[in-house]
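Let's take a friendly walk through a protein model and look at a few of its side chains. Keep the picture open beside you as you read.

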2 protein chains.
Amino acid sequence: MSLAHALLTSLLEKSSSGYDLARRFDKSIGFFWHATHQQIYRELARMEAAGWIASKAAPDGGKTRKRLYSVLAAGKKELRRWALEPSPAPDLRDELIVRLRADAVMGPIGLEAEIERHLSMHEAKLLAYRAIEQRDFSPDKLTTREARIQHLILRTGLGYEEGWVAWSHEALAVLRESDNPAG
Amino acid sequence: MSLAHALLTSLLEKSSSGYDLARRFDKSIGFFWHATHQQIYRELARMEAAGWIASKAAPDGGKTRKRLYSVLAAGKKELRRWALEPSPAPDLRDELIVRLRADAVMGPIGLEAEIERHLSMHEAKLLAYRAIEQRDFSPDKLTTREARIQHLILRTGLGYEEGWVAWSHEALAVLRESDNPAG
DNA sequence: TGCTCCATGTAACACGTTACATGATTGC
DNA sequence: GCAATCATGTAACGTGTTACATGGAGCA
């Protein structure tokens with residue numbers, strides 16, 4: 001499991017409340033690791049019980065229930081331990097491929113529209129990532145190790161989406177060529 | 001959920017026992033959709049209860065407990081329905097990226113060895129896929145729509161592994177260049 | 001007043017993993 | 001006889017999703 005470790009990393013970058021973390025997991029971090037607020041609250045409770053993080057009421061005079069979490073030494077130690085632990089290579093796992101197999105065995109079922117829909121979703125993400133790259137990672141900003149690694153992470157997302165865009169075109173070509181038995 | 005639909009597809013290709021399915025999910029199909037035998041048995045029981053598949057004792061005179069499953073009309077209908085259902089684009093979700101972020105925020109922790117380990121795992125899969133491509137998808141065998149789709153699916157795996165191989169080299173370059181502050 | 005957003009939580013369920021159990025068959 | 005493989009299953013747990021609940025703050 002590594003939601004806990006993703007949260008530790010995130011909290012090291014900036015001490016936050018569960019709510020803030022949930023919003024960040026819907027944006028930047030969440031581009032690469034998604035989690036719902038329920039998962040996050042549950043995990044924060046566990047991490048506090050484990051002594052990895054500590055919370056205090058937000059400095060708003062008790063106006064809200066907001067709690068700020070920060071990483072303790074034990075949490076940092078755990079993150080370091082986990083980061084060097086061997087992990088399995090991620091499996092490719094995609095519903096569209098199952099659908100393609102179903103198409104192959106049952107005969108043409110008309111997957112083209114769904115693949116085109118995926119294509120536009122991936123293209124939209126590509127545009128978003130490219131905008132972030134232009135805004136935050138111009139060459140003059142890549143002066144620190146941290147910035148270069150964050151740029152690498154963004155490029156991972158770019159490559160992933162580019163891969164799916166290319167794949168979508170290839171898949172559409174195969175489906176369409178096959179509709180025309182001469183191909 | 002789509003393990004049920006992956007199993008339906010698999011059973012349409014060939015009626016099988018749970019055990020056989022589990023082995024196939026460790027090989028060809030499992031390259032793209034992994035499942036343990038416990039998941040498969042549980043799911044087969046549900047699918048039979050739902051009337052999507054039927055089972056009969058294997059024709060071995062009751063020597064073994066083996067049961068052969070086959071897809072019923074309702075199962076085929078369900079697979080067709082599901083295959084055209086809109087689905088979300090798959091998220092990128094990789095532990096190594098969380099580890100990289102941890103490295104970025106905590107300072108160099110020595111991820112290079114782990115990335116090299118992943119690199120060899122992906123290279124091994126690449127070799128395996130290329131062997132399958134040479135064996136099963138020579139141009140003279142790509143005469144049917146089904147074969148062309150199956151080839152596309154294999155190429156998806158090839159592209160995925162190639163992507164991770166390229167990524168690993170890039171990540172190693174970033175980590176090593178950053179170890180040398182002049183870079 | 002009523003709406004939206006902030007902020008946290010409970011409950012139930014679906015999916016996936018790991019450990020353990022059972023008994024038959026096959027091969028040495 | 002012993003080990004490996006075939007073949008199916010139970011149980012417990014961890015993770016992820018969905019629905020629902022609660023109450024305050026800010027704004028029109």
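This report looks at an arginine and then at some aromatic rings, all in a predicted model.

**A buried arginine**

Start with Arg99(B), which lies in helix H5 (residues 95-106) of chain B. With a relative accessible area of 0%, Arg99(B) falls under the 20% cut-off, so the residue counts as buried. What does its side chain meet? A polar atom of the Arg99(B) side chain lies 2.7 Å from the backbone oxygen of Trp82(A). Within chain B, the side chains of Arg99(B) and Glu95(B) make a polar contact at 2.4 Å. Arg99(B) also touches residues of both chains, including Leu84(A), Ser87(A) and Ile109(B).

**Rings that pair**

Over all chains, the structure holds eight aromatic pairs. Here are two of them:

| Pair | Centre to centre | Angle between planes | Type |
|---|---|---|---|
| Phe32(A) and Tyr129(A) | 6.1 Å | 35° | tilted |
| Trp164(A) and Trp167(A) | 5.2 Å | 75° | edge-to-face |

The pair of Phe32(A) and Tyr129(A) links distant parts of the chain, 97 residues apart. Phe32(A) sits in the loop between helix H2 (18-24) and helix H3 (37-49) of chain A, and Tyr129(A) in helix H6 (residues 112-136) of chain A.

**Arginines over rings**

Arg93(A) lies over the face of Trp33(B), 4.0 Å from the ring centre. Arg99(A) lies over the face of Trp82(B), at 4.0 Å from the ring centre.

Notes. Residues numbered from 1 in each chain as written. Chains lettered and ligands numbered in written order. Predicted model: local features only at pLDDT ≥ 70, side-chain atom pairs only at ≥ 80, totals over all residues. Heavy atoms only, no water. Helix = DSSP H or I, 4+ residues; strand = E, 2+ residues; numbered from the N terminus. Buried < 20%, exposed > 50% of the residue type's maximum accessible area, 1.4 Å probe, protein only. Polar contact = N/O pair within 3.5 Å; in protein donor to acceptor, adjacent residues only side chain to side chain. Contact = heavy atoms within 4.5 Å. Phe/Tyr/Trp six-rings, centres within 6.5 Å; stacked < 30°, edge-to-face > 60°. Lys NZ or Arg CZ within 6 Å of the ring centre and 35° of its normal. Lists of a residue's contacts leave out its neighbours within four places in sequence.
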